[in-house]
Amino acid sequence: MNTWWSWGGFMLSVALLVGYEWRVHHVGRQQPEKLARYANARLRMHWVRALGDQPGFEIVAVQSLRNSLMAASISASTAALAVMGALSMVGASLVANLARWSTEHTLHTVLQAVLVATLFASYVCSALSTRHYSHASFIMSMPVGHPERQALNPTAARHVRRAGLMYSWGLRLFLMVLPLVAGIVHPLAMLPATALLIVGLVLFDQPAHDAEVD
């Protein structure tokens, strides 16, 4: 019975997270100003377009992008260290459990594998964010008066938008480690940890202001 309760809590936790992310995606597509992730993405694109018409602001643009690139680099480094730490802690037991698979410790093994995969996905998203910020920096550093710059401004806007979304996903995936760690400690702790995570994500997704971002 305890095993069924543990698996039930795990499945319900996954369903809550998937349902919340589906709602965020649906609302963000219909009303992007209601969610910070989508409102900020539009704001970054407006920023690129505004600086694309202002000669002399190339250095300012590159410095701003460098700050964002450094933040994404820190997130990627933190996630990479967390992956190595998780592999060091659970790697041996994970390999052993996979080698002698049994239903007794199946959930624990699944949680360990998902923990490592989530941390690795967080690293990948943060690394992709640095890649997009780097590409945008090359474009934004070009003189505004150069004809190639005007042609590449839409590309820079897309890079900055994708970089911000990847950075956001990197942070979200890192936060999703909370219920996984709680579930490894005790399977029944995963559900309340997921509820706490969703409360944090709701606050994380609140826009900085209530005004509509055009």
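Q: Is T118 buried or exposed?
A: T118 is buried, with a relative accessible area of 11%. Buried means under 20%, exposed means over 50%, and partly exposed is in between, using a 1.4 Å probe and protein chains only.

Q: What should I know about the model and the numbering?
A: This is a predicted model, where local features need pLDDT of at least 70, side-chain atom pairs count only at pLDDT 80 or more, and totals for chains, interfaces and linings use all residues. Residues are numbered from 1 along each chain as its sequence is written, and side-chain values use heavy atoms, leaving out hydrogens and water.

Q: Where is the place of T118?
A: T118 is in helix α4. Helices are DSSP runs of H or I with at least four residues, numbered from the N terminus.

Q: How far apart in space are T118 and L180?
A: They are 9.3 Å apart, C-alpha to C-alpha, and 62 residues apart in sequence.

Q: And W5, buried or exposed?
A: W5 is exposed, with a relative accessible area of 58%. W5 lies in helix α1. The C-alpha atoms of W5 and L188 are separated by 7.5 Å, though the two are 183 residues apart along the chain.

Q: New topic. At what angle do α4 and α5 pack?
A: About 160°, with their axes 7 Å apart. Axes are lines fitted to C-alpha atoms over the stretch in contact, and angles run from 0 to 180 degrees between N-to-C directions.

Q: So what does that make them to each other?
A: α4 and α5 are therefore roughly antiparallel. That word is for angles over 145 degrees.

Q: Which residue classes are in that contact?
A: The contact of α4 with α5 has 17 nonpolar, 10 polar and 2 charged residues. Nonpolar covers Ala, Val, Leu, Ile, Met, Phe, Trp, Tyr, Cys and Pro; charged covers Asp, Glu, Lys and Arg; the others, Gly among them, are polar.

Q: What about α2 and α5?
A: α2 and α5 are also roughly antiparallel to each other. Their angle is about 155°, and their axes are 9 Å apart.

Q: Last one. Which residues lie nearest the centre of the largest pocket?
A: V14, L17, V114, M176 and L180, out of 13 lining residues. On a 1 Å grid over the protein atoms alone, a pocket is an open set of points where a 1.4 Å probe fits, with protein on both sides within 12 Å along at least five of seven lines; lining residues have an atom within 4 Å of a point.

Q: Which element gives the largest share of that lining?
A: α1, with 6 residues.

How values were computed. Helix = DSSP H or I, 4+ residues; strand = E, 2+ residues; numbered from the N terminus. Parallel < 35°, antiparallel > 145°, perpendicular 65-115°, else oblique.
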